[in-house]
Amino acid sequence: APTVGVLSLQGDVAEHVRMLEHLGARTVRVRRPEELARVDALVLPGGESTTIEKLLRAFDLVEPLQDALRAGLPTLGTCAGMILLADEILDAAPGQRGVGGIDMVVRRNAFGRQVDSFEMSLAAPGLLPDVDSDDADRPLRAVFIRAPWAESVGDGVEVLATVAVDDGGDHGEAVERIVAVRQGSLIATAFHPETTSEPFVHRLLLNSLS
Ligand code: GLN
């Protein structure tokens, strides 16, 4: 079984560990460069991106993490983890730079002005790897908690899921906002696949290992 590290500085670590073990992976909680060096894949959990970033610095993990991402370590970032993986962050906290890796611009707390947390069904065929399964067309349950979205993505980035959001104008029109992406070995979701019993996103990460 592959060994998947879960960055364990802050955030919903236990939920990711549970989901990964449910899918048959071995897990390691990553707090030090030596632990990072032993994993076949990595999860950057949701939580608070500025706190996680400060702890990454305090634990001397920023450079080892950037090196690992550049070297192609399969990595999933959810919510705060998506923010960390973005090359550019809008509405960042003072001094917040992120780690980078995915050619996208994310907006922090993007849904916040409208609603803090919500759960919805996503039409996200890009997140269902097994196209032959009975599940292939069903919507995916997704939980958003003070979530970011990707405001724009580069050419090399595949959009896996979007949600329709009111554009805030007078005419009540909807814009599609990007909430899941993949670029090479990196996957990011604005929602929390670990809090629902939806294994698709973690499976996508594990499938990239075999
Ligand atoms: N708003 C948080 C941040 O900026 C992310 C929220 C989450 O991970 N649930 O880091």
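Close-up 1. With 30 C-beta neighbours inside 10 Å, C79 counts as buried, a term used for a residue that has 20 or more other C-beta atoms within 10 Å of its own, while exposed stands for 12 or fewer and partly exposed for the range in between, with C-beta atoms placed from the backbone. The model shown here is predicted, so that local features need pLDDT of at least 70 and side-chain atom pairs count only at pLDDT 80 or more, whereas totals for chains, interfaces and linings use all residues. Residues are numbered from 1 along each chain as its sequence is written. C79 lies in the loop between β4 (75–78) and α5 (80–85), where helices (H or I, at least four residues) and strands (E, at least two) are DSSP runs numbered from the N terminus. Although C79 is not a glycine, its phi is positive, at about 55 degrees. Most residues other than glycine have a negative phi.

Close-up 2. H192 is buried, with 26 other C-beta atoms within 10 Å, and E194 counts as buried with 29 C-beta neighbours inside 10 Å. Leaving aside neighbours within four places in sequence, H192 is in contact (C-beta atoms, placed from the backbone, within 7 Å) with D12, G46, T78, C79, V143 and I145.

Close-up 3. For "binding site", the unreviewed UniProt entry lists G47, E48, S49, R108, I145 and R146. They span 100 residues in sequence, yet no two of their C-alpha atoms are more than 12.7 Å apart, so they gather at one spot. S49 is found in helix α3 (residues 49–58) and is buried, with 30 other C-beta atoms within 10 Å. Not counting residues up to four places away in sequence, S49 touches A80, I83, L84 and R108. I145, in strand β8 (residues 140–145), is partly exposed, with 18 other C-beta atoms within 10 Å. Beyond its neighbours within four places in sequence, I145 is in contact with G46, C79, S117 and H192. R146 is found in the loop between β8 and β9 (149–153) and is partly exposed, with 16 other C-beta atoms within 10 Å. R146 is not a glycine, yet has a positive phi of about 40 degrees.

**Close-up 4. The shell around the ligand.** Around the ligand are G46, G47, E48, S49, C79, A80, I83, R108, N109, I145 and R146, where a residue is taken as near if its C-beta atom, placed from the backbone, lies within 6 Å. The residues of this shell divide into four nonpolar, four polar and three charged, with Ala, Val, Leu, Ile, Met, Phe, Trp, Tyr, Cys and Pro counted as nonpolar, Asp, Glu, Lys and Arg as charged, and the others, Gly among them, as polar.

**Close-up 5. The buried face of helix α1.** In helix α1 (residues 13–22), the residues V13, H16, V17, M19 and L20 are buried. Seen down the axis of α1, its buried residues fall within an arc of 165 degrees, so they line one face of the helix; the arc is that of the directions from the helix axis to the C-beta atoms. These buried residues pack against β1 (3–7), β2 (26–30), β3 (41–44) and α6 (200–207). After α1 comes G24, whose phi is positive, near 95 degrees.

**Close-up 6. The largest nonpolar core.** A nonpolar core is a set of buried Ala, Val, Leu, Ile, Met, Phe, Trp, Tyr and Cys residues joined through C-beta atoms within 7 Å. The largest nonpolar core has 63 residues, of which L85, L127, A180, V181 and A190 touch the most other members. Not counting residues up to four places away in sequence, V181 touches I102, M104, A150, V153, V157, E158, V159, L160 and A188.

Notes:
Two residues are in contact if their C-beta atoms, placed from the backbone, lie within 7 Å. UniProt positions are given in the numbering used here, feature names are shortened, and annotations may be inferred rather than shown by experiment.
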